[in-house]
Amino acid sequence: MVNFSRIEKRWQDKWEKSKIFKVKEDSKKKKFYCLEMFPYPSGSGLHMGHALNYTIGDIYARFKRMSGLNVLYPMGYDSLGLPAENAAIKAKTHPKKFTNNSVNNFIKQQKSLGLSYDWDRMISTCTPEYYRWNQYFFLKFLENGLAYRKKASVNWCPKCSTVLANEQVHDGKCWRHKDIEVEIKQLEQWFIKTTKYADELLDMVDDLQWPDRIKAMQKNWIGKSYGTEIDFEINGEKWPIFTTRPDTIYGVTFIVISAQHPRLMEIVTKEQKKDIEKLLKKIKSTSEKDIEELEKEGAFTGAYAVNPVNGEKVPVYAGNFVVAEYGCGMVMAVPAHDQRDFEFAKKYKIPIKIVISPSDYELNPTKMSRAYVDDGNMINSGEFDGDSNRDAMEGITKYLAKKKQGRKALQYKLKDWLISRQRYWGTPIPVIYCDKCGIVPVPEKDLPVKLPEKVEFGKGNPLETNKSFVDVKCPKCKSSARRETDTMDTFFDSSWYFLRYSDPKNNKLPFDKKKSDYWMPVDQYIGGAEHACMHLIYARFFTKALRDLGFVKIDEPFTRLFNQGMLHGEDGFVMSKSRGNVALPEEVSKKYGIDTARLFLVSVASPDKDVQWSEKGIEGSSKFIKKIIAYFENLKPGKSSKKIESKLNKTIKEMTQDIENFRYNLAVIKLRKLFDSFEDSISKDAAEKFLKLLHPFCPHITEELWEKIGNKPFISLEKWPKYDEKKIDENLEKQEQQIEKLTEDINNIVRLVKEKQKQEMKKAFVYVLPQEKQLYSENSEAIKKKTGLEISICAVNDKDKHDPENKSKKAKPGKPAIYLE
């Protein structure tokens, strides 16, 4: 009985004691930086779904290390944020204590998976040693015009007296107080100017070695569109409105301003105030996704806008479907030629005016059942009548520019990044408010601004409950001032953590430039596709901003990106604690050994595809590993046959490519076939090469067997085997495929006979062409082993052969005929 737990513990202790995965910069060695997206350390710990992600990265890191590269493979924890704060409140403990316990549990579990991290580089974002550099970068951004403050819409719970994240708004109500309606408020918030880099973020996407769908999602998120900005006059003031359809300007019958527009109430008349307030109460979230799913509603503001091309006054409605931050937070509505505008106009009985006519039939505004959105010729459009609408786009833009009432414009869906959070468990924003001096940055020498431990939860922003934190002296004039009580969005922490790994213990700088220049960019980044837009956009922005501020030389943080698949429980659903369908590493390790689990996780499918956990499947991997152990325990090294040498070298060649390209499942199939081809005795060299090929998948067992066959530790630091092309004999390979095919055919016939005739077969007669008899005879023992039958090989021209059904006539080159008894 193999004691997997003892073997795992032994080698994990040896790795840790000898610090074999610790790395430092080495200019003579080519570097390789392998990184998984660092986890949020939840209180419930790891399950095998997490283990899949880390196993994918560890296999790659071990392979690259054995390939002679200087591998940086670190781990850390994204340990600030709302989930930890909420979980701590629920558990009636402090977020700091809760998070530290969770981090320690994660470390213990990850070590048990046999992951080859350089643990000396471990970081946790909730430590002042880390978040002081968040504050440092914020100040640098503020200095350079990349951080600013403005009013923005937020979700507000009147009972909590705090801002809620979109995730905390459930069906329009506060997650804590299910009877309290959430309100939308305009509050001063801190923003980072991500839009400054919109063009570069878009232009460089195509050069990334990332999955195409992630690149497409990034392009869509940035959303560059060319159009025209048109000045509409409201109460004597010009309000610019962006449109991609200037050809429809003559068909505008109303304007819609976002219900979350910071200046909405300036244009609302007394008579309409009640209707507008009623509309605002119905809006329960600032989330774009929620806005998209809402039933389109609006209310008349009482104001009118003047159309610059014809002087017509059109009503201005407040609408719940216009995003405040897109464009100028207003849209011109053309119900005849836009479906959303059409539905809104029908609902609120607003006139419809046709300005683009199809060539083969006439539109009637009173009889239209939907908007006409195709091309056509201009009508009801003054001097542009008769032009094609495509030509009119350019013509109308030029006409407006000449009158100084419009201009060509570029618009992005990408918005500046709102980083203010009115919550406790985040990085305090290093700013002080003074009545005399205004906004005063905290001096760098005073960083970090530490989170106070004594705060009260459930009474508004927790930081506001600590007076000694809030009440401070102004750094400039020394008079009484007030500290900023907002904390940073935790995406700020994860936008540069990969740089900190290059120099995690530095207390003078966020990182030493020479060290980050050596290690960056990350050569292989591994993580979920759900981070396609937020994290990956912010990390790319941060890298470009730090480059321009002189901190780094690179343009992009991650050269290659790999998205792993999801692990599903035996019930078919994605593995999760809430579903109760998880397999836990400690239980799996106890029953099968963690190497067995690692091998199984990457054997079932390509690592970028979803995998289903199965006890039957893991038992199959367990049998394979036990067979390997038994073989090596009884191995008396001798000389390998030409066939084994050929198979071994071909496997090395193909597996190297498979692992390089994350085809782990194919690599494992080849490894199994190689093992199955082993004779009772193979050379020590072949045995060692086999263990090296198996090592990235099963690190503990291979360390044990490496030592058992007389080698010094560690196989982890051995060189990846090289193949010898001269030893690969394609004829031998072809012959082996013929033997495999024959074995499969015999087993299939046995199965069919058993199913249909309920008969047990004992012997197989195999009829082959005379020139192939030697090949099949030499392999008859291997065929017997894999079929469980007695095997008799006969040439088709043997006069004394047993062939009662004359099957030998069906034999062809490379395809013997078969008769069973």
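1. Helices (H or I, at least four residues) and strands (E, at least two) are taken here as DSSP runs, numbered from the N terminus. In those terms Pro448 falls in the loop between strand E22 (438–441) and helix H13 (467–470), and the peptide bond that joins Leu447 to Pro448 is cis, with omega at about 0°. A cis bond also leads from Met520 to Pro521, with omega near 0°, and Pro521 sits in the loop between helix H15 (513–519) and strand E26 (522–526).

2. A word on the basis of these notes: the model is predicted, so that local features need pLDDT of at least 70 and side-chain atom pairs count only at pLDDT 80 or more, while totals for chains, interfaces and linings use all residues. Residues are numbered from 1 along each chain as its sequence is written, and side-chain values use heavy atoms, with hydrogens and water left out.

3. Lys478 has a positive phi of about 65° and is placed in the loop between strand E23 (471–473) and strand E24 (480–483); with a relative accessible area of 54% Lys478 is exposed, where exposed means over 50%, buried under 20% and partly exposed in between (1.4 Å probe, protein chains only). Asn806 likewise has a positive phi, of about 55°, in the loop between strand E31 (790–795) and strand E32 (817–820), and at 41% relative accessibility Asn806 counts as partly exposed.

4. The nonpolar cores (sets of buried Ala, Val, Leu, Ile, Met, Phe, Trp, Tyr and Cys residues joined through side-chain atoms within 4.5 Å) can be taken next. The largest nonpolar core has 84 residues, of which Met48, Trp613, Phe632, Ile659, Tyr664, Phe690 and Phe697 touch the most other members. Helix H2 (residues 48–66) gives the most to this core, with ten residues. A second, separate core of 82 residues includes Leu72, Trp190, Met520 and Val552.

5. Within this picture, Tyr664 is in contact (heavy atoms within 4.5 Å) with Ile56, Ile59, Tyr60, Val602, Pro607, Asp658, Ile659 and Phe697, once neighbours within four places in sequence are left aside. Asn53 belongs to helix H2 and counts as buried at 10% relative accessibility; not counting residues up to four places away in sequence, Asn53 touches Glu36, Ile526 and Gln564.

6. Aromatic rings are paired as follows: rings of Phe, Tyr and Trp (its six-membered ring) pair if their centres lie within 6.5 Å, with planes under 30 degrees apart counted as stacked, over 60 as edge-to-face and the rest as tilted. By this rule there are 58 aromatic pairs. One of them, formed by Trp11 and Phe714, is edge-to-face, at 6.1 Å centre to centre and 80° between the planes. This pair links distant parts of the chain, with Trp11 in helix H1 (residues 4–18) and Phe714 in the loop between helix H23 (699–708) and H24, 703 residues apart. Trp11 is buried, at a relative accessible area of 0%, and Phe714 counts as buried at 13%.

7. The rings of Phe624 and Phe675 also form an edge-to-face pair, because their centres are 5.8 Å apart and their planes stand at 85°. Phe624 lies in helix H19 and Phe675 in helix H21, so the pair ties together parts that are 51 residues apart in sequence. Both Phe624 and Phe675 are buried.

8. Grid points are joined across faces, edges and corners, and a volume is the space filled by probe spheres set on the points. The second largest pocket holds about 930 Å³ of space, and among its 27 lining residues Asp676, Ser677, Phe678, Ala782 and Lys786 lie nearest its centre. H24 supplies the largest share of this lining, eight residues.

9. The count is one cavity of 30 Å³ or more, and the largest cavity has a volume of about 100 Å³. Its lining has 17 residues, of which Glu85, Thr162, Arg176, Arg423 and Gly460 lie nearest its centre, and helix H3 (82–90) and strand E6 (162–164) are the elements that give two or more residues to this lining.

Conventions
On a 1 Å grid over the protein atoms alone, a cavity is a set of points where a 1.4 Å probe fits but cannot get out, and a pocket is an open set with protein on both sides within 12 Å along at least five of seven lines; lining residues have an atom within 4 Å of a point.
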